[in-house]
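Hello,

Here is the structure I promised to pass on to you. Please have a look through it first, and then read my notes below.

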There are 2 protein chains.
Amino acid sequence: MLDYFKVPKEDCININENDLRKVTESIFLKYGLSESNAQLSTDVLLHADLRGIETHGVSNMLRNYVQMYREGKSNPNPTWKIVKESYTTATVDGDGGLGLMTAAHSMDLAIEKAEKYGMGAVAIKNSGHLGAAGYFAMMALPHDMIGWCMTAGGKGMLPTFGAEPQIGTNPIAIAVPSNKKYPFVFDAAMTSIAGNKIGLLERLNKPILPGWVANPDGSPDMKGGSKAELKIGVTRNQLPLGSTRELGSHKGYGLAVAVDILCGVLSGAIGFSSLAVDRRAHFVAAYKIDGFNSISKFKEDMDEMLQGLMNTKPAPGHERVLYPGLEEGEVENFRRKEGIPLHKEVIDWYMKICSELDIPFKYN
Amino acid sequence: MLDYFKVPKEDCININENDLRKVTESIFLKYGLSESNAQLSTDVLLHADLRGIETHGVSNMLRNYVQMYREGKSNPNPTWKIVKESYTTATVDGDGGLGLMTAAHSMDLAIEKAEKYGMGAVAIKNSGHLGAAGYFAMMALPHDMIGWCMTAGGKGMLPTFGAEPQIGTNPIAIAVPSNKKYPFVFDAAMTSIAGNKIGLLERLNKPILPGWVANPDGSPDMKGGSKAELKIGVTRNQLPLGSTRELGSHKGYGLAVAVDILCGVLSGAIGFSSLAVDRRAHFVAAYKIDGFNSISKFKEDMDEMLQGLMNTKPAPGHERVLYPGLEEGEVENFRRKEGIPLHKEVIDWYMKICSELDIPFKYN
């Protein structure tokens, strides 16, 4: 993660993974989720917290999910069903549940199809917020498959040259197994900055950097410096990856439209004009490596490639060159032992809701 | 295309599509390509010229291909073969031919597999330069499939934080059928600017813009203004899409590594360290829409989405909002009637080589 978003250590308290898991599951159970659904939802959230993806962990997302359950806006125990299918593909109706659950079941289906035929892909409609896309892509790894996950919905991004937001931030995740190295896991929004990072800025009281959002008239704001409170998503919308046409914003925009197509149009659930904030569409896929190459050779070549990238001579001011998934793998390794640092404000939220719901919460 | 790269009309002469096709085929035939291989290679090049993708048409690429055939560096009539296969996937050895031919045959195979099982994907090793990736993705369209094509090779891009180039510019193409609208066709390098555009700059005698290349020490050059002659690829390397870490260059870099994996590592042909300039690897895939959704509903929804994007209110200074494939569709429509504008310097090259090879060339 960009240092810019790092929460100062002195503002945090480390919570043991299992303690955080237990209390989070208990909260979901209070809102009517079955035991397996509560466990699965918690696992998706904790995966993000463990890997340092604070934007999609308990601090940023859990209170949103709780709010949706409170208001009856999300089905706590969805009965997902296949609405169209071929040997390798399917469209799933998520029955209005969060993507945390519907995408996991759909990825199981994609993996099952890939196991038999070499590839599998599932488009998911009538679903809610996904959580961290990388979680579902990584489900392919123990099966020696390459995993994909994408999610669409909301209107957070301006098209290149556009003055109105038309598409979501539309992240793409790709996970690839390796041998001894931490696996390659790419997971990124197709805006220049993830939508949830804007939320983090408020907590950190930091200004917006150049190239992240547009001016109110739609032109790229290449000066930055505005306060995070500036109603992002109301008068100031996010720019595609690339920020300006000269820097390649049509590429971020084009990839985001492709994500909308694979998730929203392919699943047939939601027309372009009705991609609403609390209804999302997803796409997951699995490619079996054994259908292309020997698994052991592939994994050895992956190790060689990832090590080669790490061995790149760094530019001035940088200690080392990373690859997607390296830092996340290291952080996960560390946090499983040392606990997950939560901002004190998040601990307060946990204390409050646990008191309301009559859940015991001890954190050290 | 960015206006910056538009060749001034007064420097061009319009050539009829069929005349250009005929003379280009004749040149390929002289270098030993079979009639079908000469036709296919020409079709891939003319596709780019017709759609306004000058970087991958005859002007930028044909002389490179001719040079390779002259030096015996490329197999004019490759015998491609399947080296590993499942119901839906395969790895193909391209027998040292240009991607113009090997990727087309591989996409035929992916489409055949998708027709039977819902999806198909082929990784291709031991191949040469691809040509315009969009051509192969678009092969899926008449079959009511979504087409993918990627290509890896060369070392043109610096990793984020890196001072040495490690990966190619690694374009991704995605083509999606629609009903009445020009189809969505995304085709873009994962650098902030396509490698071949650097070549165009020399012909146009224009400076490099900020965010396109790095300084000699690897730090992003956000000032621009250097001359195109500045040995790009020797002391000055290309930046990933996003240009700087703050603007999201780790996303362009990460996607480029994913392309290297799907093309190079999955096909097992070439280790990371040996991805050389004149040996490339590709990846093509086809997803059958009928395996997810009704084809007619999908195409109607695509039209609605594409029209919705076109209807976006433009930002100041812009006449309209585009989608990937819109301008290319319009240009193709126009050029099929009015001819393909070639820079006088390109006409001179044609005159010269036709004289050498004893090929008649009349252009109006």
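Which domains does the domain assignment of chain A give? Domain 1 covers 1-77 + 339-364, domain 2 covers 79-192 + 241-328, and domain 3 covers 193-237 (the bounds come from an automatic or database domain assignment).

Before going on, a word on the source: this is a predicted model, in which local features need pLDDT of at least 70, side-chain atom pairs count only at pLDDT 80 or more, and totals for chains, interfaces and linings use all residues. Residues are numbered from 1 along each chain as its sequence is written, and chains are lettered from A in the order in which they are written.

Within chain A, the C-alpha centres of domain 2 and domain 3 lie 25 Å apart. In chain A, 12 residues of domain 2 are in contact with 12 residues of domain 3 (contact: C-beta atoms, placed from the backbone, within 7 Å).

Now for the two chains together. Here 74 residues of chain A are in contact with 74 residues of chain B. On the side of chain A that touches chain B, the largest share, 10 residues, comes from H7(A) (helices are DSSP runs of H or I, at least four residues, numbered from the N terminus).

Chain A superposes on chain B by a rotation of 180° with 0.0 Å of shift along its axis (RMSD 0.0 Å), by least squares on the C-alpha atoms of residues with pLDDT of at least 70 in both. That is the relation of a two-fold axis. In chain A, A:Gly242 has the C-alpha nearest the axis, 2.4 Å from it.

Best wishes

Notes:
Two residues are in contact if their C-beta atoms, placed from the backbone, lie within 7 Å. Helices (H or I, at least four residues) and strands (E, at least two) are DSSP runs, numbered from the N terminus.
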